[in-house]
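Work through the two exercises below with the sequence and the model open beside you. Each task is followed by a solution in steps.

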There are 2 protein chains.
Amino acid sequence: MAAGWLDALLESLAREFGDRPRTATLATIGRDGAPRARTVICRGIEPGGMQVFVSDARSEKNFELRKRAEAEVVYWLPSQRVQFRLKGVAAVGGAGDDMTRRVEVWRDLSDATRAMFFWPPPGNVRVEGMGEFPDRVGPEVEPPESFELIMFLPMSVERLDLNVHPHDRRRWHTSGDAAELRLNP
Amino acid sequence: MAAGWLDALLESLAREFGDRPRTATLATIGRDGAPRARTVICRGIEPGGMQVFVSDARSEKNFELRKRAEAEVVYWLPSQRVQFRLKGVAAVGGAGDDMTRRVEVWRDLSDATRAMFFWPPPGNVRVEGMGEFPDRVGPEVEPPESFELIMFLPMSVERLDLNVHPHDRRRWHTSGDAAELRLNP
């Protein structure tokens with residue numbers, strides 16, 4: 001049985017994004033201990049609530065998450081005026097890990113997204129020339145070492161709904177019975 | 001003279017949001033050292049690039065920022081497929097500080113937003129009863145102690161544009177000459 005928070009999240013994401021990319025913000029602890037955050041696309045949500053993202057092994061966020069697994073994922077759904085905050089831990093899975101999920105996700109990406117994993121190291125000084133940046137890579141190509149999954153497991157979830165007075169704020173802990181707690185907004 | 005990053009940000013925010021609230025994600029370091037993030041509304045950008053947010057003195061983020069000033073602000077502009085990431089430090093200004101800006105920002109808020117600062121402590125177990133949650137407070141009412149400003153000063157700014165091939169990624173350091181550096185996306 002899916003937890004209340006997961007049903008609510010899935011329903012809101014489907015309504016907000018339809019077939020469009022499901023954007024979230026992923027916050028991590030940077031190399032220097034300061035918070036970092038960036039927009040990511042959720043590639044799937046497992047039945048237990050695990051959130052799947054793809055990311056380049058050479059990117060800062062993968063480095064950060066290998067060092068400090070704590071993370072927060074925020075979904076802001078502007079048309080609904082609803083926010084989900086997911087506090088949890090992330091595992092990074094790469095070529096060295098035995099993950100069938102990694103290959104499945106790779107094959108589901110667009111050609112344009114797959115191509116990005118063959119670009120020069122992200123965040124380095126820009127390499128000139130278009131030849132270094134392929135624009136399409138088909139699903140028949142094996143995923144390169146740069147292709148990694150970020151599997152984010154929420155430990156606590158908060159939902160804030162700005163449509164009612166007063167605003168409705170609820171929290172769930174995902175372990176145990178996942179009972180919901182109503183909070184002051 | 002405004003820096004290149006600031007002109008670019010202001011132009012993109014105006015185009016994305018018009019007169020609607022300018023939503024961003026604010027990432028901080030939580031009480032337990034884990035990253036926290038939530039959606040906030042930018043209430044103004046000062047000529048030097050300082051970003052102004054309002055927040056409840058009793059909220060977690062104010063507590064967090066008083067303890068650790070490092071923060072990141074992310075603007076994702078979905079209609080433009082452009083992202084700005086601002087890494088910097090935040091100062092929290094409250095009733096004890098001599099800030100004329102605090103009163104100016106208070107008076108510019110909507111009645112509904114001002115009312116929230118008279119609600120019971122955010123994040124506590126929900127207080128029942130509507131009487132505890134006023135829905136309108138006029139600008140003539142003095143700002144309560146719960147009303148604080150978060151003044152966020154960006155130290156480095158990254159802009160990512162997904163509309164071109166390859167994606168265009170630039171970084172500015174806001175001190176010194178604020179020269180821009182092109183990075184691999």
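**Exercise 1.** Determine whether A:V89 counts as buried, partly exposed or exposed, and why.

*Solution.* A:V89 counts as partly exposed because its relative accessibility is 34%, where buried means under 20% relative accessible area, exposed over 50% and partly exposed in between (1.4 Å probe, protein chains only). The residue is found in strand β6 (residues 82–93) of chain A, strands being DSSP runs (E, at least two residues) numbered from the N terminus. Together with A:L153 and A:M155, A:V89 makes a nonpolar surface patch of about 230 Å².

This is a predicted model, in which local features need pLDDT of at least 70, side-chain atom pairs count only at pLDDT 80 or more, and totals for chains, interfaces and linings use all residues. Residues are numbered from 1 along each chain as its sequence is written, chains are lettered from A and ligands numbered from 1 in the order in which they are written, and side-chain values use heavy atoms, with hydrogens and water left out.

**Exercise 2.** Describe the cover and the pairing of strand β7 (residues 147–161) of chain B.

*Solution.* Begin with cover: 12 of the 15 residues of β7(B) are buried. Next, take the pairing (two strands pair if DSSP finds at least two bridges between them). Strand β6 (residues 82–93) of chain B runs antiparallel to β7(B) and is joined to it by 12 bridges, with B:A90 opposite B:F152. Strand β4 (residues 51–56) of chain B also pairs with β7(B) in the antiparallel sense, over six bridges, and B:S55 has B:E148 as its bridge partner. Finally, six bridges join β7(B) to the antiparallel strand β8 (residues 168–173) of chain B, and a hairpin connects β7(B) to β8(B) through six residues.

Note on methods: Patch = residues over 30% accessible without salt bridge, like charges linked within 9 Å, V, L, I, M, F, W, Y side chains within 5 Å. Areas by Shrake-Rupley, 256 points an atom, 1.4 Å probe, with all protein chains shown as cover. Salt bridge = Lys/Arg side-chain N within 4 Å of Asp/Glu carboxyl O. Helix = DSSP H or I, 4+ residues; strand = E, 2+ residues; numbered from the N terminus.
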